[in-house]
Amino acid sequence: MQKILVLYYSHKGAVEALARAVAHGIDSVSGAESVLRTVPRVSAVCEATEPAIPTSGAPYVTLQDLTECAGLALGSPVRFGNMAAPMKYFWDGTIATWLSGELIGKPAAVFTSSGSMHGGNESTLLSMMLPLFHHGMLLMGLPYSEVALAETQSGGTPYGASHIAGSNGSQPLTADEIVLAKQMGKRLAETALQLFQQR
Ligand SMILES: Cc1cc2nc3c(=O)[nH]c(=O)nc-3n(C[C@H](O)[C@H](O)[C@H](O)COP(=O)(O)O)c2cc1C
């Protein structure tokens, strides 16, 4: 069974909902299993710490999770058109993984949620790709053969799955957003299995 890491940060739950849809798509592929992980919040107050194990939701990611995965789906909310600081902070601490080249040649895909339609979905998706390129990962998007990509009235982009949560962040995922997130997970898992067999 090949593990596909679904690593996300979510403060209000929108990105977590998207992560679960991506995981659904991964788990629909025989031979692949999703592994959901998150990152702790960061604080400007150095003394403030989170418990080692989160009180709810997915466990915190470790560098071992990166070593063990055959592919990666990475999700973050839009924060001023960019990925959220806790996710950036995590990647800034992956120098040992980079030095050992453990992610080279593994496939990856990205997903996000924003408050507004044109509030930075695509720039955030692109920002999340940058550290993954440095790690040598093979970035995958969503092709327009996915009909929901042309029909969606909310989230979903060729750069990765996305969601528009609305100004108060409470809009549920639309049917098209769910389809695209699941398909992204499925395509990622299928590609990871094919690449793994060729090694
Ligand atoms: C500090 C901060 C910055 C944000 N920046 C943007 C932004 O640039 N564009 C946007 O559309 N939404 C922005 N939002 C809204 C969130 O991206 C949106 O509510 C998202 O769905 C939250 O995901 P979550 O529910 O997983 O935490 C921002 C929210 C916060 C708290």
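User: If a residue counts as near a molecule when its C-beta atom, placed from the backbone, lies within 6 Å of it, which of the 20 residues around the ligand come nearest?

Analyst: In this predicted model, the nearest of the 20 residues around the ligand are Lys12, Ala14, Pro77, Gly115 and Gly119. Helix H1 (14-27) and strand S4 (107-114) each contribute at least two residues to that shell, and H1 provides the largest share, with 3 residues.

User: What makes up the shell around the ligand by class?

Analyst: The shell around the ligand comprises 11 polar, 6 nonpolar and 3 charged residues, where Gly is counted among the polar ones.

User: Which residues of H1 and H7 meet, and how do they divide by class?

Analyst: From H1, residues including Leu18, Val22 and Ile26 meet residues of H7, among them Ile178, Met184 and Leu188. The residues of this contact of H1 with H7 divide into 10 nonpolar, 4 polar and 2 charged.

User: How do you know how compact the protein chain is for its length?

Analyst: The protein chain has 7 helices and 6 strands, arranged along the sequence as β-α-β-α-β-α-α-β-α-β-α-β-α. Its radius of gyration is 16 Å, close to the 16 Å that the globule rule gives for 199 residues, so the protein chain is as compact as a globular protein of that length. Along the principal axes, the C-alpha trace spans about 45 × 40 × 30 Å.

Methods
Residues numbered from 1 in each chain as written. Predicted model: local features only at pLDDT ≥ 70, side-chain atom pairs only at ≥ 80, totals over all residues. Near = placed C-beta within 6 Å. Helix = DSSP H or I, 4+ residues; strand = E, 2+ residues; numbered from the N terminus. Contact = placed C-beta atoms within 7 Å. Rg over C-alpha atoms; globule rule 2.2 N^0.38 Å.
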